[in-house]
Amino acid sequence: LDLFRDINVFLNQNKYIFNSILLLSVIHHFIRQLGEEKTKKILSDLAFITHKIIYECPKPGEPIIQEFGLVDFDFDKFIIESTGFKEKIRFKMNRDLVVLEKK
């Protein structure tokens with residue numbers, strides 16, 4: 001288990017391959033703070049060091065998503081296109097928990 005605060009520091013210093021990477025409540029923050037292109041690069045880089053990504057998918061009606069101006073943003077499509085992974089399973093919850101795996 002490896003926890004980190006700064007994704008760029010983590011990616012620059014990482015020397016390992018992980019069974020899975022867990023991204024909880026971060027994708028929308030990455031997009032807001034770094035922009036779509038840098039977030040796409042981060043997701044692409046993560047795809048090289050794991051075979052599975054588990055992420056929490058925000059819902060369009062959430063206040064924070066509205067505040068960030070991401071109401072019409074398709075998080076699933078963005079993450080799948082950025083990683084090249086495919087959806088394996090989706091757990092329907094307040095925020096869906098989605099498991100992606102390498103094709």
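Colleague: Where does helix α5 lie?

Modeller: Helix α5 (residues 75-83) lies across β2, β3 and β4 and runs at about 160 degrees to β2. Axes are lines fitted to C-alpha atoms, for helices over the stretch in contact, and angles run from 0 to 180 degrees between N-to-C directions. Contact means heavy atoms within 4.5 Å. Helices (H or I, at least four residues) and strands (E, at least two) are DSSP runs, numbered from the N terminus.

Colleague: What are the ground rules?

Modeller: This is a predicted model, where local features need pLDDT of at least 70, side-chain atom pairs count only at pLDDT 80 or more, and totals for chains, interfaces and linings use all residues. Residues are numbered from 1 along each chain as its sequence is written, and side-chain values use heavy atoms, with hydrogens and water left out.

Colleague: In what order do the four strands sit?

Modeller: The order is β1-β2-β4-β3, in an open sheet with mixed pairing; two strands pair if DSSP finds at least two bridges between them. β1 and β3 stand at the edges with a single partner strand each, so one side of each has no neighbour in the sheet. From one strand to the next, the twist averages 20 degrees.

Colleague: And β2 with β4, parallel or antiparallel?

Modeller: Antiparallel, over six bridges. I53 has L100 as its bridge partner in β4. With β1 (residues 21-23), β2 pairs in the parallel sense over three bridges, and I21 is partnered by I53 there.

Colleague: Why is β2 largely enclosed?

Modeller: Because five of the six residues of β2 (residues 52-57) are buried, meaning under 20% relative accessible area (1.4 Å probe, protein chains only).

Notes:
Buried means under 20% relative accessible area, exposed over 50%, partly exposed in between (1.4 Å probe, protein chains only).
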